[in-house]
Amino acid sequence: MSTKSRTHSKTRLSRALGIALTPKAAKYLEKRPYAPGEHGRTRRKTDSDYAVRLREKQRLRAQYGIREAQLRIVFQEARRTQGLTGENLVELLEMRLDALVLRAGFARTTAQARQLIVHRHIMVDGQRVDRPSFRVKPGQLIHVHPRSEVLEPFQVAAAGGHAEVLPKVPGYLEVELEKLQARLVRRPKRAEVPVTCEVQLVVEYYAAR
């Protein structure tokens, strides 16, 4: 799929779910705050409980850019973990390496964060990690490989080039952007995670499956 096609599909998905998945989609949503398609402007009939829960689950999945199978695995882990399942779910997803690379400001979008990891530019505690789903532990240091620091995407990031399109750095991350490094200081709390989602509806969706 070409970059243009990917951008278009992300924008359509953003409009369908009512959330901006990329900075470009955010601009589209400002101009067209309704669903795509010829009936996008017309008021939708009241959705069924199932449809509402499904859309909320899709919103969460889209914001992390993960497959259904991956979300389901993390949900099962969240359910086994002490505490509220919905909050656990978001907190576990937020400790993914690609999510933290994005939050730290090293990338502009989740897709770019994933690409940087897959291309082996990102290290955790001095070791290259090429799995976007890698679970970062509190205390671990995320940093850019020294040989990659000179590449344009990282020069842009180090200069704060993504600051205007990303939420401010959450409290669970300590970031030294000019050094292209960030430390996960503790487990994220759901209330701090910049993700739009009614987590209880996601729990209800899976509980009914």
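## Aromatic pairs

The structure, a predicted model, holds three aromatic pairs. One of them joins Y50 and Y205 in a tilted arrangement, with 6.0 Å from centre to centre and 35° between the planes. This pair links distant parts of the chain: Y50 lies in helix α3 (residues 49-64) and Y205 in helix α9 (residues 199-207), 155 residues apart. The rings of Y205 and Y206 also pair; their centres are 5.2 Å apart and their planes stand at 80°, so this pair is edge-to-face. Ring pairs link Y50, F75, Y205 and Y206 into a cluster.

Which residue has its charged end over the ring of Y205? R209 does, at 4.7 Å from the ring centre.

## Burial of the tyrosines

Y205 has a relative accessible area of 7% and is therefore buried. Y206 is likewise buried, because its relative accessible area is 5%.

Five strands form an open sheet in the order β2-β1-β3-β5-β4, and the pairing is antiparallel. Its edge strands, β2 (127-128) and β4 (173-176), each pair on one side only.

Within the sheet, strand β1 (residues 122-124) and strand β3 (residues 141-144) are joined over three bridges in the antiparallel sense. Opposite M123 stands H143 in β3.

## The second largest pocket

The second largest pocket contains about 190 Å³ of space. Its lining is made up of I66, Q70, I73, V74, E77, L92, L93, R96, S133 and R135. Helices α4 (68-80) and α5 (85-94) are the elements that give two or more residues to this lining. The most comes from α4, with four residues.

By class, the lining of the second largest pocket has five nonpolar, two polar and three charged residues.

## The largest cavity

How many cavities of 30 Å³ or more does a search of the whole structure find? The search finds one. The largest cavity holds about 30 Å³ of space.

The residues lining the largest cavity are L102, R103, L166, P167, K168, V169, P170 and P194. Six of the lining residues are nonpolar and two are charged, with no polar residue present.

Terms used: Residues numbered from 1 in each chain as written. Predicted model: local features only at pLDDT ≥ 70, side-chain atom pairs only at ≥ 80, totals over all residues. Heavy atoms only, no water. 1 Å grid on protein atoms, 1.4 Å probe; cavity = no way out; pocket = protein on both sides within 12 Å on 5 of 7 lines; lining within 4 Å. Points joined across faces, edges and corners; volume = space filled by probe spheres on them. Nonpolar A, V, L, I, M, F, W, Y, C, P; charged D, E, K, R; others polar. Pairing = 2+ DSSP bridges. Phe/Tyr/Trp six-rings, centres within 6.5 Å; stacked < 30°, edge-to-face > 60°. Buried < 20%, exposed > 50% of the residue type's maximum accessible area, 1.4 Å probe, protein only. Lys NZ or Arg CZ within 6 Å of the ring centre and 35° of its normal.
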